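Q: I would like to learn how to read a structure feature by feature. Where do we begin?

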Amino acid sequence: ERFKTGDEPGFFEKISVKRARDKRNGQIEELLEDIVACLNDSQKIKYKSIEKPALKALSKKELTE
């Protein structure tokens with residue numbers, strides 16, 4: 001609804017979204033480490049060749065726009 005009316009989220013809403021996103025990124029990184037720990041050597045070689053998406057944090061510029 002907010003998007004339809006053109007209402008932009010406030011600065012503090014953007015900050016809370018950033019924090020939640022960063023927390024989820026951290027959880028994903030921890031899961032990836034757990035997965036690698038369960039793999040044998042040949043699986044680790046194959047795992048390294050898998051292209052993984054870049055999990056980047058939101059920049060300050062993206063928050064203020």
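**Reading the model**

A: Start with one residue and its place. Leucine 39 sits in the loop between α2 (11-38) and α3 (41-48). Keep in mind that this is a predicted model.

Q: Is leucine 39 buried, partly exposed or exposed?

A: Leucine 39 is partly exposed, because its relative accessible area is 22% and buried means under 20%.

Q: Which residues does leucine 39 touch, leaving out those up to four places away in sequence?

A: Leucine 39 touches Lys44 and Tyr47.

Q: How do I read the packing of two helices?

A: Two packed helices are described by the angle between their axes and the distance between those axes. Here, the axes of α2 and α3 come within 8 Å and cross at roughly 140 degrees. The two helices, α2 and α3, are therefore oblique to each other. The cut-off matters here, because roughly antiparallel needs an angle over 145 degrees.

Q: Which residues of α2 and α3 meet?

A: From α2 come Leu32, Ile35, Val36 and Cys38. From α3 come Gln43, Lys44 and Tyr47. The residues of this contact divide into five nonpolar, one polar and one charged.

Q: What about charge pairs?

A: Side chains of opposite charge can pair when their charged atoms come close. In this model, a search of the whole structure finds one salt bridge. The side chains of aspartate 22 and lysine 18 form that bridge, at 2.7 Å from N to O.

Q: Why are aspartate 22 and lysine 18 separated by about one helical turn?

A: Aspartate 22 and lysine 18 are four residues apart in helix α2, so about one helical turn separates them.

Q: Is aspartate 22 buried, partly exposed or exposed?

A: Aspartate 22 is partly exposed, with a relative accessible area of 28%.

Q: Which residues of α2 are buried?

A: The buried residues of α2 are Lys14, Ile15 and Asn25. Across the protein, buried residues make up 9% of the 65 residues.

How values were computed
Residues are numbered from 1 along each chain as its sequence is written. This is a predicted model: local features need pLDDT of at least 70, side-chain atom pairs count only at pLDDT 80 or more; totals for chains, interfaces and linings use all residues. Side-chain values use heavy atoms; hydrogens and water are left out. Buried means under 20% relative accessible area, exposed over 50%, partly exposed in between (1.4 Å probe, protein chains only). Contact means heavy atoms within 4.5 Å. A salt bridge is a side-chain nitrogen of Lys or Arg within 4 Å of a carboxyl oxygen of Asp or Glu. Axes are lines fitted to C-alpha atoms, for helices over the stretch in contact, and angles run from 0 to 180 degrees between N-to-C directions. Angles under 35 degrees count as roughly parallel, over 145 as roughly antiparallel, 65 to 115 as roughly perpendicular and the rest as oblique. Ala, Val, Leu, Ile, Met, Phe, Trp, Tyr, Cys and Pro count as nonpolar, Asp, Glu, Lys and Arg as charged, and the others, Gly among them, as polar.
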